[in-house]
Amino acid sequence: MKSKNPITSARVNLSLMLALTFSTGIIDAVGYLGLDRVFTGNMTGNVVLLGMALTGTTTLPILRPILALALFCVGAIVAGRALRKHEGDWSGLITTLLGFVSLGLALVAIMVLAVDYHTYEIYGSIATSMLGFVMGMQAALARVVKVADVTTVVVTSTITGLAADSRLAGGTGAFWPRRVLAILLIMAGAAVGAVALLIHIAVGLGIAALITFAVAIIGHRSHLGAGSPR
């Protein structure tokens with residue numbers, strides 16, 4: 001039997017969570033630009049947009065942000081309950097749940113390919129709700145994996161840490177490479193999502209589904225396979 005190297009394990013976790021951060025950028029670009037200005041990963045943005053929409057002084061949507069926010073919470077509850085007694089940095093259950101996230105993204109991609117979600121608004125609402133649900137699951141999983149400053153769904157705290165802990169602020173500059181990478185990757189993901197919309201909304205969702213599936217497989221093989229005999 002092989003024992004896991006804690007340093008190698010931490011590096012793998014960091015790489016996988018950064019990949020999911022990139023995927024989140026794609027998904028949020030798809031939601032905001034392609035599904036009526038709705039964030040399905042960045043709930044801070046959703047709450048702010050919803051607050052403005054509820055004043056009635058804008059043309060911002062109300063129903064879809066509410067659904068995305070509610071289903072995000074449900075997804076986080078489901079994953080949080082499933083992982084309540086989880087011990088360690090990875091498990092077969094994490095792999096399974098990430099596989100479910102990937103499947104959910106793929107199903108939304110298939111749905112928007114198969115139906116006219118512009119004419120029939122119900123399909124757009126279903127899409128944002130499903131995306132909110134699986135992104136809530138992803139966010140809860142990221143909390144369990146516990147990679148410092150990489151939540152996969154938001155970078156506000158990462159930017160704060162980068163500035164507040166910098167040498168300019170009298171700090172040590174700890175974790176600055178991962179913080180910068182997280183910021184750049186979610187930005188790059190958003191750029192990819194925006195460009196993918198020029199082809200079809202399903203393209204960005206499909207890319208995100210493939211990335212998430214790859215993260216699940218690599219995480220499973222790297223962590224669970226490490227303790228198995230060759």
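Reader: Which helices each supply at least two residues of the second largest pocket's lining?
Author: Helix 1 (6-34) and helix 7 (176-196). Helices here are DSSP runs (H or I, at least four residues), numbered from the N terminus. This is a predicted model: local features need pLDDT of at least 70, side-chain atom pairs count only at pLDDT 80 or more, and totals for chains, interfaces and linings use all residues. Residues are numbered from 1 along each chain as its sequence is written, and side-chain values use heavy atoms, with hydrogens and water left out.

Reader: Which one gives the most?
Author: Helix 1, with three residues.

Reader: How is "pocket" defined?
Author: On a 1 Å grid over the protein atoms alone, a pocket is an open set of points where a 1.4 Å probe fits, with protein on both sides within 12 Å along at least five of seven lines; lining residues have an atom within 4 Å of a point.

Reader: And what classes line the second largest pocket?
Author: Seven nonpolar, four polar and one charged. Asp28 is among the lining residues. Gly counts as polar.

Reader: Switching to the largest pocket. What lines it?
Author: Ala76, Gly80, Leu83, Arg84, His86, Ala140, Arg143, Val144 and Lys146. Helix 5 gives the most, with three residues.

Reader: How do helix 3 and helix 5 cross?
Author: The axes of helix 3 (residues 63-82) and helix 5 (residues 121-145) come within 6 Å and cross at roughly 35°. Axes are lines fitted to C-alpha atoms over the stretch in contact, with angles from 0 to 180 degrees between N-to-C directions.
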